[in-house]
Amino acid sequence: MADLLAVTGLRAGYGRAVVLSDVTFRLEAGEAMAVLGRNGVGKTTLIDSIVGVTRRFDGSITLAGRELAPLSPEERAGLGLGWVPQERNIFRSLTVEENLTAVARPGAWTVDRIYGVFPRLKERRGNMGGALSGGEQQMLAIGRALATNPRLLLLDEPTEGLAPIIVEELLSALVRLLRAEGMAALIVEQHAHKILPITRRALILERGRIVHQGASAELLADASLLERFLGVTRR
Amino acid sequence: MPSATLLGQALISGVLAGGMYGLLAMGLSLSWGLLRLVNLSHFALAFLSAYIVYELGTKYGVAPWWSAAMVVPVMFGVGAAQYWLFDRFHVNELASLLITFSFAVIVEAGIQIYWTADYRRFETHYSTLSFKVGPFFVPVLELVLCVVASVLAWGTWMWLRKTYVGKGLRAAAEDADIAAAYGVDHRKLAYLLSGIGAAYAGIAGTFIALIATLAPAQIWAWLGVVFAVVIIGRLGNPLGALLAGMLIGASESLAMAVLSPAWAPVVSFSVLIVILLWDPEWL
Amino acid sequence: MIERKGAWRRRRILAGMMTGAAALAAPSILRAAPSGKPVRVGGTLSLTGFLAQTAAIHKIAAEIMVDEINGRNGFLGRPVEYVLLDDQSKPEVARSLYEKLITVDKVDLIQGPYATAPILAAMGVAQRYGKVMIQSSMGIPKLQTYDRAFPATPFGPEPEKTYPNVILDAMASLPNPPKTIVVLSSKFPSAQFMAQGMRDQAEKRGVKVTLYLEYESGNRDFGAIAARVKEANADFLWVGSLGLESNQLLEALHKLDYKPKNHFHLYPAPGPLALSPDGDKALCSTFLEPSEPFLSRPGVRRIAGEFKERATKANLPYAIIDAQAAGMVSEWQILEAAVNGANSLDDKAIADWLKKHRVETIYGSLRFDGPYNHGGAAQLIKQVQDKEWKVVWPKEFAAPGVSLLGA
């Protein structure tokens, strides 16, 4: 099967600062991949580089074989990147439904189908984005990315700062998305134990470099590896 | 205590006069709220349109609606061209104020050179037409203006709410980078909106030609009150601009009828301050 | 049209011949064309900003006069050069420009700006440097406290008293003299000043003031004011208006289906008010109109013809000389007479000469020996009749067959 996303020898950062060095990995269609690592190792920079809001020094990023480097963020979005930024950045002055329809592109993901994944959004469809709780904002951010009918979802710390009960609700929705709907996704997470069970593969970043790539299930089972790179011990 | 007839009459003429505030405020509010450009030249474009309508009407006998049919598309082009400049030179909110101010001064000077500083009045047989409702007189031209302004305000409001373009504009106004990352081509939409704002100046100008007296310096006469209207009506909200315009018009007029006409200019800013402090839920 | 132009040309040739004859009779120095280093006369006008309408008129009048003076003897045999700057209708700009004219440009003489506020600003500078300043449009004579400032328009020292009384005299001559009056005024200082005078004098003479209202200058909507005027429904409406405010008010009244009975306007834009469908029988003060007997004053016909030509060329919609333009003409006539009379460009000598002598101007014979350097008041009243301004009061200034029309 052809690669959906191929990152090769990527060196990128902000301004003059290089954050990522020699990042190379592949993601197949329908595949979910976890991006793990401690704080400040370049996980968000990786997502931002794919979206096109960082400075690329070297290397290439292709989506379904198309080189993204010369393209603007709008053009990349048009090729099928569905970004869920860390800050969520939903449009606060638009209603929930307007947040979805403002960016919607024709495809399988209709507003009703998104409401099917996140029933809470349907309940609050008429509310302003700014009036939502953190968890609802996160759902809306994911829903908004889905509304663009992307080939690849880029989720940046989707569970950060949310109450445990909301995290559970969100993760079960994600499982549905990835497993049942077969959505390809790159998911940045701090909490390996939450994300590894729902992804197929994982990579670990340290100081801007990939230090481990492999199947999520194997990583989850390898306590020493988790301990070494993430400082996580088995609960 | 003033009579009920006086109060009612003052209210009618105030609300109708407020329609002009609203119409002028609309274009300004759209570009300020959705493009983050404070376009002071909006007033200059409105007066330039008014002068053109006046010129066509008095020199060649062209009816104002035909003049408007010509002027409004031209203004749309001017607005789009203005956006090209703003975009080309990466103009921000504050710089836009200065640049459009200079643009307005240039237009004012141009008007003064061509039409001189003398007062101009486009006399039409319908300019003082009015009809009677009970004890009140309703001026026809102002009523037409209010109807046009209402249709435009409501139409624009719906357009911003219901269409892909409108929602994209609002999303981009809030966060252009994020909107871009979701495929909203902010620039293309901005050209459209800038053109629409200027086209509204053309429509306002047509009515200014028919209702007001023209003098180059009059460009600045509406500035203060229209700014108050834009802010009360909330940036980027055409319906709010119209309603705020009517609110200010009515308040000014009632102040003139009940207190002294000299209070009128104080009213718009007092209403603005009260509303800013009160910050009611429904706004 | 061609015939009239021909007539004008004949008159101008005639006038030229008469001037020539006068020059022949004069001492030989007057006959030589002016030569040598020009005498520079500096001044500002509000070429832009809200007073720009009238400045356009003044500029033309001044240019005509400079040409006239240079066609004669200039100032003391030297050509006159008018250094004109734009004060943007702002007193503070006028102040600094006069400072510049006197200290940087080093002009020999100055000429006043237009309107009370810029005049006051310029007067302060003139006083500091001891320059003579002649002005034509300061409506509040008692503010002219500088002893080398001279009025070119015969307001008289107390127009707030004389002015209303001329109007009330005219009204009293009507078959149905008004018993009630509405006084409405812009808060523009000189208008307010006259409005208060009007109210006081009306009350003194037993005309009841049923409504006294002031509105902000630059008022946009006259709907509510019109509703109040209509409700008061007085016999006489006195409006302390500037520019087109009168037209706006009358239109607003028209929309309420109300026609004021007798109505007076203080400083309206004369052309638009005369031409307005609502301007019929409007009254206004004046000092001169382009008709008899004024045209018979020396030079007036020629200047009026020249004004019409240049104003038409400059695309002014109302190209007939009136009291506005005449004020500027008078300023230059006074300066010319004083320079030549004192035989000096020295400001003190010029001022001293003016205080002792009368000057024949477009406004008639003016003197400067009264309070605030003012002479007698010479207000007249004109009225719109058949879309034209006609002097109707005092009766001796009315053209044959013209009289004041009441409501």
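This is a predicted model: local features need pLDDT of at least 70, side-chain atom pairs count only at pLDDT 80 or more; totals for chains, interfaces and linings use all residues.
Two pairs of chains are in contact, and chains B and C share the most contacts. Chains A and C are not joined by any contact. The closest C-alpha atoms of chain A and chain C lie 35 Å apart.

At the interface of chains B and C, 32 residues of chain B meet 37 residues of chain C. Four elements of chain B each supply at least two residues to the side that touches chain C: helix 1 (4-35), strand 2 (136-139), helix 10 (238-258) and helix 11 (264-278). Helix 1 of chain B gives the most, with six residues. By residue class, this side of chain B comprises 17 nonpolar, twelve polar and three charged residues.

The largest nonpolar core was examined next. This core has 305 residues. L154(A), F47(B) and V229(B) have the most contacts inside the core. Helix 1 of chain B provides the largest share of the core, 17 residues. In chain C, both domain 1 (32-154 + 294-376) and domain 2 (159-286 + 381-397) give residues to this core, so the core lies between these two domains. In soluble globular proteins, nonpolar side chains tend to be buried together.

The surroundings of L154(A) were then listed, with neighbours within four places in sequence left aside. L154(A) is in contact with I47(A), I50(A), V51(A), L81(A), G82(A), W83(A), V84(A) and L186(A).

Key. Residues are numbered from 1 along each chain as its sequence is written. Chains are lettered from A and ligands numbered from 1 in the order in which they are written. Two residues are in contact if their C-beta atoms, placed from the backbone, lie within 7 Å. Ala, Val, Leu, Ile, Met, Phe, Trp, Tyr, Cys and Pro count as nonpolar, Asp, Glu, Lys and Arg as charged, and the others, Gly among them, as polar. A nonpolar core is a set of buried Ala, Val, Leu, Ile, Met, Phe, Trp, Tyr and Cys residues joined through C-beta atoms within 7 Å. A residue is buried if 20 or more other C-beta atoms lie within 10 Å of its own, exposed if 12 or fewer, and partly exposed in between; C-beta atoms are placed from the backbone. Domain bounds come from an automatic or database domain assignment.
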